[in-house]
Amino acid sequence: MENANATNAKPEIAVSLRDVNKWYGEFHVLKNVNLDVERGQRIVICGPSGSGKSTMIRCINRLEEHQAGQIIVDGIELNNDLKNIDQIRREVGMVFQHFNLFPHLTVLENCCLAPMWVRKIPRKQAEATAMEYLERVKIPHQAKKYPGQLSGGQQQRVAIARSLCMKPRIMLFDEPTSALDPEMIKEVLDTMIELAESGMTMLCVTHEMGFAKTVADSVIFMDAGQIIEMNTPDEFFNHPQHERSKLFLSQILGH
Amino acid sequence: MTDPNLSATPQTLSTVPSKPSFWNDPQKRALVFQVLLVIGIGILLWFIFSNTLHNLEKRGIRTGFDFLSRPAGFGISQTLIPYTEASTFGRTFFVGLLNTLLVAGLGIIFATILGFAVGIARLSTNWLISRIALVFIETIRNIPPLLQILFWYRAILPLLPGPKDSMSLAELFYLHKRGLTIPAPLTEPAFVWTLWAVLGALVLAFLIARWAKYRRESTGQQFPVFWTVLVVIIGLPTLVFFLTGSPLNWDIPALRGFNFQGGLTVIPELTALLLALSIYTAAFIAEIVRSGIQSVYKGQTEAASALGLRPNRTLQLVVIPQAMRVIIPQLTSQYLNLTKNTSLGVAIGYPDLVNVFAGTTLNQTGQAVEIIFMTMLVYLVISLVISMFMNWYNKRMALVER
Ligand SMILES: Nc1ncnc2c1ncn2[C@@H]1O[C@H](COP(=O)(O)OP(=O)(O)O)[C@@H](O)[C@H]1O
Ligand SMILES: [Mg+2]
């Protein structure tokens with residue numbers, strides 16, 4: 001894993017959102033969002049469904065386009081310049097709720113596709129790297145299988161490995177465990193914790209409070225397209241500042 | 001536990017459950033019914049067959065396939081193999097078959113190219129392009145194919161001028177009511193080297209593509225495969241052609257009186273039938289391609305984009321391979337439809353199998369049973385061959401599921 005602190009040339013701010021606004025037609029989905037993520041920071045984003053969490057992190061790698069404000073990733077501003085978008089997507093990995101593995105390719109081919117076609121790495125080398133990461137997510141022996149032959153937890157770990165094969169500097173997670181059966185959540189969280197410990201810059205949309213408490217540097221609470229509260233996990237869970245945060249916490253903690 | 005009966009019970013439970021009786025075993029039951037069905041159909045066919053033969057004999061109608069070696073005595077307007085009025089009915093059969101295969105083969109190629117283009121245009125983000133594609137699809141799909149054939153043959157082609165006032169291109173190509181007249185190639189024996197060169201160039205192109213893939217995978221470097229292959233395929237035969245002293249002459253068509261002499265004339269029946277069937281089938285293929293591409297879950301494109309793949313690569317590597325699973329089975333049935341629809345050429349006198357064999361030959365020999373049987377068999381075989389090929393292709397594309 002690339003240790004973020006070792007590279008001094010890059011700016012210390014990995015992701016920066018300045019007054020970001022986005023609309024779906026009339027619907028104002030992101031309202032003046034401001035956020036700075038430092039290199040190596042782990043941020044957990046939570047909030048009620050429909051509050052704009054997915055939209056916000058999808059703007060960071062241009063799966064969604066923001067209409068006002070500035071997004072700077074790794075020192076590069078996201079605008080309509082395709083070169084910038086390409087460059088940012090190479091540096092930013094993303095893990096989806098529904099894994100989105102390519103069902104017509106084997107696990108190994110899933111992991112090698114982008115390194116070979118985007119980074120133009122020879123197949124042998126791409127496969128060696130892929131096996132390394134599959135080893136780290138603890139499924140090297142499934143490399144020749146197709147995604148459809150794996151359990152949900154295994155698929156999500158492959159999806160994480162697939163992203164890591166591009167050697168990203170920043171990883172985005174959009175509710176990576178919410179489509180999983182309870183017994184598989186732990187294996188995926190363990191993989192993510194390991195990744196966090198290796199120094200990766202991470203933005204995770206998740207409601208897994210245990211994960212947030214273990215690895216997060218700060219927790220962001222979003223509601224109705226706004227960042228309502230940003231705090232350390234301890235502060236956020238024990239002393240939420242806002243009414244809406246309190247309500248939300250009481251709901252997800254099941255009290 | 002000392003009771004022998006009790007201790008015996010677990011043992012009987014752990015053994016394989018007792019076999020069902022013959023009649024209760026679903027597999028055996030199914031087998032028996034199938035055997036009975038085959039026997040029943042066999043008896044029925046034999047009954048029909050022997051009865052027909054008996055009736056035909058009683059009425060003094062000839063039976064058997066002797067007629068195939070008798071001279072046909074009629075001409076055919078388009079023959080891909082040498083054929084005269086003195087040729088046999090057997091040869092008539094092959095002339096008709098080749099004419100059918102010509103329309104089916106060319107039609108499938110044109111319909112596929114046009115269909116994929118329109119289908120992708122239908123998904124274009126450009127409003128006008130996608131609207132035009134939509135109107136094309138909806139109009140063409142909803143007009144009966146026979147009417148479309150008549151449209152081209154009766155309404156459009158007659159608008160063309162007569163041979164005397166042909167639209168001509170460089171005095172070489174002439175488009176007129178009676179077809180498209182083009183220079184006919186006259187080959188000298190040495191031309192065979194050029195043909196070998198074409199074959200050689202194809203093999204070379206294949207090897208280059210293989211090597212480029214190998215190199216891309218082993219070093220990551222891209223190679224301009226398309227352009228190299230293009231140069232090889234065009235360049236090598238051209239070079240050989242001139243080195244062997246240009247062993248090809250052209251029979252240039254020339255107007256003599258009211259008609260052309262020399263050259264090669266593509267008959268209007270072929271043009272009309274090909275246009276109508278290609279366009280008609282393309283509309284269906286476009287719709288199949290559209291729904292196939294749309295059936296690929298949006299998350300697939302998003303995952304590919306997030307990994308940094310460009311849209312065209314995403315289409316090539318992620319979307320199309322998955323869409324093909326949905327497209328191929330439906331494409332097969334369109335190919336079969338097109339092949340069967342070639343028999344509509346009868347309406348405008350295109351000399352296909354149904355026309356020259358199940359039509360003229362049948363009228364002249366009166367041997368309807370044999371002729372219809374042979375003709376039906378031909379369509380059945382063509383359809384089976386297409387289906388088998390497409391099934392084989394589909395298997396290669398199938399997804400492995402748990
Ligand atoms: N493509 C879209 N078109 C219109 N509305 C959308 C679209 N995507 C999301 N939305 C709306 O935007 C809001 C925020 O969505 P999202 O970011 O997915 O929320 P979250 O991830 O926090 O649940 C929701 O109300 C959702 O209905
Ligand atoms: Mg969401």
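Reader: Why is His176(B) called buried?
Author: In this predicted model, the relative accessible area of His176(B) is 2%, and buried means under 20%, with exposed over 50% and partly exposed in between (1.4 Å probe, protein chains only); the value falls under the cut-off, and therefore His176(B) is called buried.

Reader: What makes the pairing of His176(B) with the side chain of Thr181(B) a polar contact?
Author: The two side chains come to 2.8 Å, and a polar contact is a pair of N or O atoms within 3.5 Å, where within protein one must be able to donate a hydrogen and the other to accept it, and residues adjacent in sequence count only if both atoms are side-chain atoms. Thr181(B) is also one of the residues in contact with His176(B), meaning heavy atoms within 4.5 Å, once neighbours within four places in sequence are left aside; Pro161(B) is another of them, and its C-alpha lies 5.3 Å from that of His176(B), although 15 residues separate the two in sequence.

Reader: How do you know that His176(B) belongs to a strand?
Author: His176(B) lies in strand 2 of chain B, residues 173–176, where helices (H or I, at least four residues) and strands (E, at least two) are DSSP runs numbered from the N terminus.

Reader: What makes the radius of gyration of chain A agree with that of a compact globule?
Author: The radius is taken over C-alpha atoms, and the globule rule is 2.2 Å times the number of residues to the power 0.38; with 255 residues this gives a value near 18 Å, and chain A has 18 Å, so the two agree. Buried residues make up 57% of chain A.

Reader: Which atoms of chain A approach ligand 1 in polar fashion?
Author: A side-chain N or O atom of Thr55(A) is 2.5 Å from an oxygen atom of ligand 1, a polar backbone atom of Ser51(A) is 3.2 Å from an oxygen atom of the ligand, and a polar side-chain atom of Tyr24(A) is 3.4 Å from a nitrogen atom of ligand 1.

Reader: How are the numbers and letters assigned, and what was counted?
Author: Residues are numbered from 1 along each chain as its sequence is written, while chains are lettered from A and ligands numbered from 1 in the order in which they are written. Local features need pLDDT of at least 70 and side-chain atom pairs count only at pLDDT 80 or more, whereas totals for chains, interfaces and linings use all residues, and side-chain values use heavy atoms, with hydrogens and water left out.
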